[in-house]
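Let's take a walk through this structure together, one part at a time. Keep the picture open beside you and follow along as we go.

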Amino acid sequence: MKFFISFILTILLSFAFCLFLPWWSIAVASFIVAVLIPQKPLSSFLTAFGALFLLWGRPEFLDQQ
Amino acid sequence: MRIVPFIAAAAVTSGLIIVLNSKLILTAPLGKLVSPQHGIWQNAEPASEDFTADLKFPQLNGKVDVYLDDRLVPHIFAEQENDAYFVQGFLHAKFRLWQMELQTFAAGGRASEILGEKGLVHDREFRRLGMVYAAEIALAEMKKDPVILAQCDAYTAGVNAFIETLTESSLPLEYKLIGYKPEKWSNLKTSLFLKYMSYDLASHDDDFELTNARSYFSAADFSLLFPDIQDSLDPIIPKGTILKDQKLVPVLPATADSVYFKQDEVVVMENSKPDRNNGSNNWAVSGAKTRSGAPILCNDPHLGLNLPSLWYEIQISTPAFNAYGVSFPGAPGVIIGYNDSCAFGFTNGGRDVRDYYEIIFKDDTRQEYSFNGNWKKTRFRVDTIKIKDKNDFIDSVAYVQLGNNWCPVMYDKSFSGGRNTNNKYYAVRWKAHDASNEIKIFNMLNHAKNYADYSAAVTFLQTPGQNCVFATKSGDIALRTQGDWPAKWKGQGDFIMPGYDTSYLWQGMVPQDEVPYQYNPERGFVSSANQKPADDVTYPYYLGRNYPLYRGYTINKRLNAMTGITAQDMMTLQTDNFDAAAGMAKPFILANMNEQALNAAGKKYFDMLKGWDCRNDIGSKGATVFNLFWNKFEAQVYDDEYASAPKIILRPYFGTLIEGILKDSAYKFLDDIATPQKETLADNITAAFNKSIAEMEKLEAVGKLEWEKYKGTRISHLAKLDPLSRLDLPIGGGAQAINATKTVHGPSWRMVISLAASTEAYGVYPGGQSGNPGSKYYDNFVDQWAAGKYYPLWMMTHEETGDKRVLAKMSFNK
């Protein structure tokens, strides 16, 4: 559950930050979520990795024509 | 929180961010590029992109409505003429900004700012040629003309209005890839762009190479290798046309035989030359020869093929005129096209207007130069060339006064273009340095209603000189070999000239009323394909040695024979693949091949050549065989004569060998001077064919013997990125065919206009209206062009705003 919530939150916060801030604000967003929703180190890493992978990888998957 | 893991993670994260945000380790800032909201994904344009816009600009004086059609061609309707140019600037920037900037940076010698040190030689050479100097002079001249100045001011304001709307995420793709931002546009940049066209069309010369050829070969051999009379010439203004009397008779300098016609070897070499093939075809047929009874005008300019294309289709409609055609992103107006009364087009004049003069300085400080026996004070221009990631390069160029003109000493001890050390000084006298107002001619042609308007307009075109074709709905056709041409004595400008007195300077310009032209000629058509403007035997002024022969020859032959011509006939002619040079050479090749001396493979390929119809068509193996053979044949004939020649030299122009053999089958250079016996035409042809067999076999083995596969026509992205280019296009044609499509050069625009009461217009260019590689409009015309097909051009009217071809409306208000 924690994993799921922090996953979604990371995606949303990174997306929101990128509307106004440079691209590396995704690192700041992930850090904020990791602080607010503490998890085990591996889970925390996978949350951020998976969330940003999906956020940034989405265009590549859609363009599979 | 555990401190050490935190610090370690933070350090790794920061490191990654720094590496991905800059070009310290990687060649591009990948973080920025791949970010969905900032990077290249933002440039991916959905196929259903909506271009509708409602824009307000206080710079406008009235309302402007733009209707983008389904090919993304904008139809601009403006209440005030200058507002149309503002919107044209805005649209040029919206769709082609990076291209506009790149071309003006290259023209102004600023490539190093983007490319780094590898652009330095180019930048030095372009500045020393006087590109920026010439643009400044043109700008000063433009400012004297209030109409043109207002037009350019509006255009510049429109470009800048668009640039101001850009954010990091909406930057064009190439800026993101290379990592820089656009600059503001200015009238100087428009001038610089037009000087770039002058560079492309009016700066070609071979003075250093020919000087060396003359220093090495005897006078007799030089005249045979580089003839100034061509027997197969069918000039633009036909032989036998009475020309105006010559008013200015250039005088051969007294010292010519001793110091000019025979000189020592030189070591300077231009680093870059414009493509020798930059040229075009144009023609107009009168109503007497057409089915409709109205004239048809055709033009296809031949230039380097790039994406984005040099051209941008546009319609400009104001209360004063209604014009459609192609425009240059970088300059206002319609350049080649038509309006409600007439049509106009251009081919390159190609005469030599760039000459070099050797300068004597008092000493290495270059402070004083010798002229007419006196020491004169040099002027200096100091250029600061910014280089990316390095210190600025300061280049100090001397300017000397030759006659009335201050000319840059382009090559000196610090710069020789090539990699040689050079101890001499050469100033360049280039016609493009002279004050002129090129935009005026296009402005006047856009407004033109009749032959009188055209005549008034064309005389404003000084450089680059062009053969201007014209036709009106009322039935007139005309062609003028326009330019402000230096009046030269025979041989002037072929070699480097002494620049220490007035005797070798240009003695004047050909008076405008002597410029050869045709107006409603009896033969019922006018045409030009970069051949000589007039009969080279009788024309009084020196024309030089290098002009293409064969396209003009074919065009005139075909047009002479045609009647009842339709627009479709003209499109078929424009895409014709017949190679007239091959047509002239094939008989003597066949007659002189010693078949016994060929192996089985050789006999197979020779059969292909025998059966070839001299057309550079798709699928033709004979065309490839001919071309591979011909390259080897030219080498076979001339390699021995050139074996010990200076490195900086020129081989004979194409056509010289064909003409030489047709004139005399015992052509002097057939003999191999390294062997005791005297080789014959048959010896050369057979030997050359044998030598070319290996290449033919290699190509056939990989399935590339067919002409279009061998040629591999490609439209390259301006930054030479293959994924953004169109490669291996299925199209025929060749340098000597009307369809002059080569590998990276060819018809950059094809246009056919039938001026019946209801104008029928067709056009196509190999590219697309959008310069964004992520847009479906980036290259959507390429296939049509390759297939030899055209689009109907739509001169939209106010009543047609509801037409289904309208994709989107952009409203501009003040």
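Between them, chain A and chain B bury about 1,200 Å², and 71% of that area lies on carbon and sulfur atoms. Keep in mind that this is a predicted model. Look for A:Cys18, A:Trp23 and A:Trp56: these residues supply 46% of the area that chain A buries against chain B, more than any other three residues. In total, 16 residues of chain A and 14 residues of chain B take part in the contact.

Which parts of chain A touch its partner? Helix 1 (2-20), helix 2 (25-36) and helix 3 (41-62) of chain A each give at least two residues to the side that touches chain B. The largest share, 6 residues, comes from helix 3 of chain A.

Now turn to chain B and its sheets. Strands of a sheet pair through backbone hydrogen bonds, either parallel or antiparallel. One open sheet of chain B has 11 strands in the order 1-28-2-3-7-8-9-10-18-19-21, with mixed pairing. Its edges are strand 1 (53-56) and strand 21 (517-519) of chain B, each of which pairs on one side only. From one strand to the next, the twist averages 15°. Within this sheet you can pick out strand 10 (residues 342-348) and strand 18 (residues 466-472) of chain B, an antiparallel pair joined over 7 bridges. There, B:Phe346 has B:Cys468 in strand 18 of chain B as its bridge partner.

Helix 3 (residues 81-107) of chain B lies across several strands, including strand 7 (312-317) of chain B, to which it runs at about 160°.

Another open sheet of chain B holds 6 strands in the order 14-15-16-17-11-20, again with mixed pairing. Strand 14 (379-385) and strand 20 (497-498) of chain B form its edges. Strand 15 (residues 393-402) and strand 16 (residues 405-411) of chain B are antiparallel and share 4 bridges, and B:Leu402 stands opposite B:Asn405 in strand 16 of chain B. Finally, find helix 6 (residues 131-143) of chain B, which lies across strands 14, 15, 16 and 17 of chain B at about 110° to strand 14.

Technical notes: Residues are numbered from 1 along each chain as its sequence is written. Chains are lettered from A and ligands numbered from 1 in the order in which they are written. This is a predicted model: local features need pLDDT of at least 70, side-chain atom pairs count only at pLDDT 80 or more; totals for chains, interfaces and linings use all residues. Side-chain values use heavy atoms; hydrogens and water are left out. Contact means heavy atoms within 4.5 Å. Buried area is the accessible area (1.4 Å probe) that two parts lose on being put together, summed over both. Two strands pair if DSSP finds at least two bridges between them. Axes are lines fitted to C-alpha atoms, for helices over the stretch in contact, and angles run from 0 to 180 degrees between N-to-C directions.
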